[in-house]
Amino acid sequence: MRAELNVYFSMFRIRFNHNLQYRAVVLGAVLKGFLWAMMEILGYLAIYRTGGDSLPMDFSSTVSYVWAHQSFIVLFSVVFADSEIYSSIRTGAVVYDLARPVGLYGRWFCQSASNRFSFSLVNCLPVLILGILMPAPFRLVLPASALQLLLFLVSTLLAFGVTVAIAMLMYVSLFYFISQRGIRIIVRITTSFFSGGVIPLLFFPGPVRRIAECLPFAAMQNMPLQIFCGTISGADAVKGIMFQLFWLCILILAGWAAMGQATRKVVAFGG
Amino acid sequence: MKLYWNYFIMELKSQMQYKASFLLTMIGQFLTAFTTFFGIQFLFDRIDGVDDFTYGQVLLCFSVIMMSFAIGEMIGGGLAVFPDLLREGSMDRILVRPRSILLQIIMPNMDFSRLGLLAQAAIVLGIAIPASSVVWTWQKVVVFILMILCGSVIFFCLFLLVASISFFTLQSLDFMDIFTYGMRDFGKYPFSVYGESILMFLTFVIPLALIQYYPLLYLLDRQNGILYILSPVLSLFFVIPSVLLYKIGLSNYKSSGS
């Protein structure tokens, strides 16, 4: 077990150093995140100017939501540039991975997690700092209390786990489908929409919202972002974290089982 | 010309070979546009309008931008392979052929699954036209078609611009996405709502407001000036700097591959 953990950890370190190599890419990504969030906030500003009273979140919460969403966008995206995994399935190199003495599920889980985490740390988190430095109406407001911040961190960790677990299920499905591109687009858009990536789940009309809040996608970015901007707090937040934990266990078990099923009769392309 | 046509047919046929794959991708594109639409729909369940534009008028903006983007990206989106071509040195192979360089890159990289985006935009247009309270005359229909056509040209030029920049950087620059994919999303509201300075930027630097905000005012009978009517045509001036940058980039090209 210990030796296996060491393998996973060094895989993470390699990825992290790799992502730090490209400075220009870092600058570009931060600039993009900043401008994107600003445009979105300006759009919301216009909406609140016209009919702000009828919306379920106040403007400053929405601003914080947008900033946090942009800052964690890669951490919480199911479809990200995990090119090694995609090409390994497409070219058939997965047979080499299967021959390695490390479990495929754990290996890919770590690879995906470290891809997202190391990229976010360098390319996305600076956006959060820029948000804090902005002048008054556009400023990102940090959670009010230390407890809320702690709940947010726990929830972020779980949401991150759920995100990667859903990504794992998608990889398994790619064993069966030849079209990677189509699946990727469909998965990206469904997960992002139902986790509050297009508009916060709170803005959904009543019945749709109640359904969306039970789906596993609500256990992704929706929960930490809402805790961050204060629309979920205290006991509700704890309940939300339980909900995330529930889905995380289910999804990991499902992914593990599905991968076992898929790799037992894997058909490799290429020679 | 026949050669390019062959390229085009070949690519169409090869994309049609994998029917399920093509269909899935198209459905994906269709859904992508739909989530943006639902985003608008859900917000406007709660509010009546944004500034002085109603729900129908916002949808009109959305579908104009979405259609322009779909056409522009179907043709120009393939230019995203530029950085790869440059890095791998495949560009050299294209340069030595005695045919138009741009067309050699565009034709084999057309992405027909973007038709899914176009179909979705057409559906939204069907909702938008009755809801927008525009009194249609034949002049307005012409202006409307010009909005979409010129918009497609602008989006194509944006993709060309992004590709040309990689002549100098050899890498794709992430933040340029804000002008292509970003504007597809932000174009759902008339550009005036983002404030004066953004509107000025989108009028004089990247003239997307010329195919959306200004002609919209004409369609809604709020403005009748000739400038508002002709604004989509004026936006075509954007072609000059984009082509110029492409030419400069091409003449400065140094092979980097092996």
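Me: Leaving aside its neighbours within four places in sequence, which residues is Pro207(B) in contact with?
Reply: Keep in mind that this is a predicted model. Apart from neighbours within four places in sequence, Pro207(B) is in contact with Ile154(B), Leu202(B), Ser235(B) and Phe238(B).

Me: How far apart are Pro207(B) and Phe238(B), in sequence and in space?
Reply: They are separated by 31 residues in sequence, and their C-alpha atoms lie 7.0 Å apart.

Me: Where does Pro207(B) sit in chain B?
Reply: Pro207(B) is in a loop, the one between α10 (196–204) and α11 (213–219) of chain B.

Me: And is Pro207(B) buried or exposed?
Reply: Buried, because Pro207(B) has 23 C-beta neighbours inside 10 Å, and the cut-off for buried is 20 or more.

Me: Zooming out, how much of chain B is buried?
Reply: Buried residues are 40% of the 258 in chain B.

Me: How many helices and strands does chain B have?
Reply: There are 13 helices and two strands in chain B. Its radius of gyration is 19 Å, close to the 18 Å that the globule rule gives for 258 residues, so chain B is as compact as a globular protein of that length. Along the principal axes, the C-alpha atoms of chain B fill a box of roughly 60 × 40 × 35 Å.

Me: What share of the contacts in chain B comes from residues 24 or more positions apart?
Reply: Counting contacts with a separation of 6 or more, 79% are between residues 24 or more positions apart.

Me: Let's look at a helix pair. How do α3 and α7 of chain B pack?
Reply: Helix α3 (residues 55–76) and helix α7 (residues 115–131) of chain B pack at about 155°, and their axes are 8 Å apart. The cut-off for roughly antiparallel is over 145 degrees, so α3(B) and α7(B) are roughly antiparallel. Their crossing is left-handed.

Me: Which residues make that contact?
Reply: Among them are Leu59(B), Phe62(B) and Met66(B) from α3(B), and Leu118(B), Val124(B) and Leu125(B) from α7(B). By class, the contact of α3(B) with α7(B) has 16 nonpolar, two polar and no charged residues.

Me: New topic: how many residues of chain A are in contact with chain B?
Reply: On chain A 31 residues take part, in contact with 35 residues of chain B. The elements of chain A that give two or more residues to this side are α2 (23–51) and α9 (180–194). The most come from α2(A), with 15 residues.

Me: What classes of residue are on that side of chain A?
Reply: The side of chain A that touches chain B has 22 nonpolar, seven polar and two charged residues.

Terms used
Residues numbered from 1 in each chain as written. Chains lettered and ligands numbered in written order. Predicted model: local features only at pLDDT ≥ 70, side-chain atom pairs only at ≥ 80, totals over all residues. Helix = DSSP H or I, 4+ residues; strand = E, 2+ residues; numbered from the N terminus. Buried ≥ 20, exposed ≤ 12 C-beta atoms within 10 Å, placed from the backbone. Contact = placed C-beta atoms within 7 Å. Rg over C-alpha atoms; globule rule 2.2 N^0.38 Å. Nonpolar A, V, L, I, M, F, W, Y, C, P; charged D, E, K, R; others polar. Axes fitted to C-alpha atoms, helices over the stretch in contact; angles between N-to-C directions. Parallel < 35°, antiparallel > 145°, perpendicular 65-115°, else oblique. Left-handed = near helix turned anticlockwise from the far one by under 90°.
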